[in-house]
Amino acid sequence: MPSATQCIWEWKREIFLTNNPDVEKTQFSELSLPSVRLRIQAWLDRQRRYPALDHADEYSTYIGECFARSDDRRIYFEKWVKRCSPHLGYQLLAELARQGLVASVWTTNFDALAARAATSINLTAIEIGIDSQQRLYRAPGDAELACVSLHGDYRYDRLKNTAPELIEQEKELRESLVQAMRTHTVLVCGYSGRDESVMAAFSEVYDTADFKGHHPLFWTQYGDSPASGPVAGLLASPLDQEPAKFHIPGASFDDLMRRIALHVSDGDARERVRKILENFKTAPVNQKLPFALPSLPVTGLVKSNAIPLIPPGELIEFDLVRWPPSGEVWSTLREVGDRHGFVAAPFRGKVYALATIEQLTQAFADNVKDGAFNRVPLNDDDLRYEDGTANQLMRRATVLALAKKAGCANDGDAIVWDTSRAKSERLEGRTWTVYDAVLLQIRPLGARLSLVLKPTLRVTDSIGEAAPKEIERAIKVRVLGYQHNKEFNEATDFWRKRLLPSRDLLVRFPDLDGGMTFTISGRPIFARLTDERTETVTLNDAQERSASQVGLQLAEPRLVFARTVGTGPATDTLPVRGLLQNRPFDANLTDLGIATNLRVAVIAPARDVRRVHEYLGQLHQPIDPTKWDADYLMRFPGFSSAFKCPLDIPEPGHAAFVTLDEPHDDSPQSARTLAGRITAALSALRAAESPSVTIIYIPARWHALRAFDLESEQFNLHDFVKAAAIPAGCSTQFLEESTLANAQQCRVRWWLSLAVYVKAMRTPWALTGLDKNSAFVGLGFSVRRKIDGEGHVALGCSHLYSPNGHGLQFRLSKIDNPIMLRKNPFMSFDDARKLGEGIRELFFDAHLRLPNRVVVHKQTPFLKEEREGLQAGLEGVACVELLQIFVDDTLRYVASRPTPNGDFEIHGYPIRRGTTVVVDDQTALLWVHGTSTALNPRQSYFQGKRRIPAPLVMRRHAGTSDLMMLADEILGLSKMNFNSFDLYGQLPATIETSQRVARIGALLDRYTERSYDYRLFM
């Protein structure tokens, strides 16, 4: 059921839309967004005949405007009542009544959910309304619950929804409420305090000198905003008086009832509570259909850097009498193994090794418990986790064995390099030796394991020591950045032939009698693709055998814009071309005067004022792209020409242009002081100027003030300022000095203009092709250790996306009992259920209905507790898709093309964006990053032009949707991250934004359970 506030906003929107028929309705479909509400309210205020925002007369005024006849009001509410059913909180409330802990329920709602829940467990609900007041004098018996409807119930009474009727509640009902409050503890759940007559009853009891606090008042609310208006006045207590009126924020009704029921119930009652909770663990859709693609004609092949591997069938397991000290177990076993020529690692109180018994006996002597070495089976499931013990042992053994056979050097872990293939690179005034190398990983691909070979570099200094990570990274970017399709394939083939000189190579490790044996094929895995735009080809027998995977090429998702001439939407695959040939999606807001010019405020150091002002002024000037960008970018025509909206930039000296003094030094205290000055400036600007966006300029000389990491404190200027601005609703854009000097100024101006437009709560484009009855959610987490070092504080961030691909609101949720696995936080059932309920409420707030389908994206696996909790929290949603999505940075595929003689050659461009390959029943690969079509449709465009792209791994943990539908959605959502002007992000916006918000959200954990417009975090 919608709340009174939700009903009011729905009525406001209906009044606004019927009076503005030229407005595109989808621009106002998301009622949860503050920007949508602000525009509707601004229009209502200009009419000068509607109540002010949050005025007590809003409810009666707007329902009267929309439904003048009582029969129409009856039909409106009847529609909701028929659709709703008692959820978890109401069922637990009925159980508390059965235990005699709840005497009566008083409600201003029309839904009768409390009575219906009571009836469902064989309690007799005594329903009392204006036309049935005589029931007030009937003392409730055992197994009965009095349910009093303060506004009258439509089944017995006419609805009382006009202003005079709200002010004059039926006298006897009011007096009975006062008497009940004087003789019972009162728990208020989510009531807004909107009705004067009801609040008068509360005041009569709690605002008098007679109130002694014998029966306290607990006022709970959803969300963590402080109490306001009449409620705040009611709950205020003199400082010299013991408190007896309590405000409890952040309490959802379901969670509140669950906590109370678990706390007070014992014996049989607790078992009944447990069964109710168990019922809500039953997933609405607990199916997991396999990924599959239709059998289609082959149009091409892609070649992977993965080679099938058959592992040894066993490991050796043993226990130690004396274990190394805590924190030294792994390193000690590694050192012992290196010394004796085997590999070993701990797992759950045992040691596992790839070794001979003789080696282990010699290495550990009398330190093996009972002298027992056990051979235990090793199966593929043991090796599926890349950071698992068995996988690490297998990888290290493979590296040592293959490097020895090939006469190469190795790091004993994952890297093999050829000491005869070296060259020099100069960086930071020093000469570094760079060796051709290969990274080895063990990966599950389908029903079998594979050895993955990824060409890389080994960088050392003049004495052979490994270079620092930042040096190694910079040299890899310089050298490998130009290792495109052909070069990558040649490097991979070199290492494949060097390490695996024969097909089906039998490897023994250790290379001694009794060593473990495993087999590595010399043939890489291929995938056959179908692209409906390309002619079919015929594979020969060898190609058929190697092409064990199948894939499909998806089309580039289209974006929606407003037409320049005429009505209806226009579409384009490229955002820049779509904007220039059409208009922004919400351009009619400017046309109709609903949202006119964008006003920028600026915060900058006093000595940089002129430079910053001149640079921002260039947003009004056109500029051509460089040759580097000309295959994607078009000429930037100036902000107003591109976005069809004026942009106001303040002059230096104007109140909207705030200057900052120079910090005294680079100390942490100066960094904190600078952050305080910026946040104070933001507050002053918000109060005096109310800008659309505030640009904050950070010069390079302040680099040391950007962040510090001390033993007792971590600080990041960007995140601190964002965390201060977000609760106040301030949109901010940081501008670095390096941006002003960037050689690609056409790209920079497009990016900065897009950021300003979006952060001003405008919408440049929407996404077409998504299922209109689906919602999309990204989950992210931030983690920090508690101050005392015991345990972790985790914050979950859910970011809801609408069916047109727009980010709606972020919900921050404190994870009460995080499960920490491999340094990653996971949710308990209750935490996941609570987060799922928050997702459901976010969508209901936006659309006043539940979606038929919710797709949840997360980068880590969904544990059983998380699956069950999310699905329980999303009860009422027919299909819940739980997808783990992450980038596999090692696995690569190279594109090929058929030749006239029926063979294939390596293509000049990487694999196409939208390529989808099935790995197994629950896993698929999707290339979000890849080759696409350039501005010139006869040419190709590869974003970034660096090396070859890595695929996204899609792993289904629950759901029944078609693979192509899921991949299409991810591909489309990769174009909805407005934080850059690239064609796409390398992750869907659901994942990218949730990661970023979770980091900033760590500074907002005192505001948990509050929702924010996602653009405030950009």
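Entry 1, an arginine. I looked up the contacts of R258 and found that it touches L92, L277, D830 and R833, leaving aside residues up to four places away in sequence. I note that the model is a predicted one. R258 belongs to helix α11, residues 253-264. Its relative accessible area is 8%, so I recorded R258 as buried, the cut-off being under 20%.

Y50 sits in the loop between α2 (34-47) and α3 (58-66), and Y62 sits in helix α3, 12 residues apart. I found both Y50 and Y62 buried.
F318 is in strand β9 (residues 314-318) and F373 in the loop between α14 (357-364) and β12 (374-377), so the pair ties together parts 55 residues apart in sequence. F318 has a relative accessible area of 1% and is therefore buried.

I listed one aromatic cluster whose members include F561, F636, W750 and F981. The charged end of R458 sits over the ring of W417, 4.2 Å from its centre. For K945, I found the charged end over the ring of W628, 5.1 Å from the centre.

I read a volume of about 1800 Å³ for the second largest pocket. It is lined by 49 residues, and R384, Y385, E386, D387 and R822 are the closest to its centre. The lining of this pocket comprises 22 nonpolar, 10 polar and 17 charged residues. Strand β44 (residues 952-958) gives the most to that lining, with four residues.

Technical notes
Residues are numbered from 1 along each chain as its sequence is written. This is a predicted model: local features need pLDDT of at least 70, side-chain atom pairs count only at pLDDT 80 or more; totals for chains, interfaces and linings use all residues. Side-chain values use heavy atoms; hydrogens and water are left out. On a 1 Å grid over the protein atoms alone, a cavity is a set of points where a 1.4 Å probe fits but cannot get out, and a pocket is an open set with protein on both sides within 12 Å along at least five of seven lines; lining residues have an atom within 4 Å of a point. Grid points are joined across faces, edges and corners, and a volume is the space filled by probe spheres set on the points. Helices (H or I, at least four residues) and strands (E, at least two) are DSSP runs, numbered from the N terminus. Ala, Val, Leu, Ile, Met, Phe, Trp, Tyr, Cys and Pro count as nonpolar, Asp, Glu, Lys and Arg as charged, and the others, Gly among them, as polar. Buried means under 20% relative accessible area, exposed over 50%, partly exposed in between (1.4 Å probe, protein chains only). Contact means heavy atoms within 4.5 Å. Rings of Phe, Tyr and Trp (its six-membered ring) pair if their centres lie within 6.5 Å; planes under 30 degrees apart count as stacked, over 60 as edge-to-face and the rest as tilted. A charge sits over a ring if NZ of Lys or CZ of Arg is within 6 Å of the ring centre and within 35 degrees of the ring normal.
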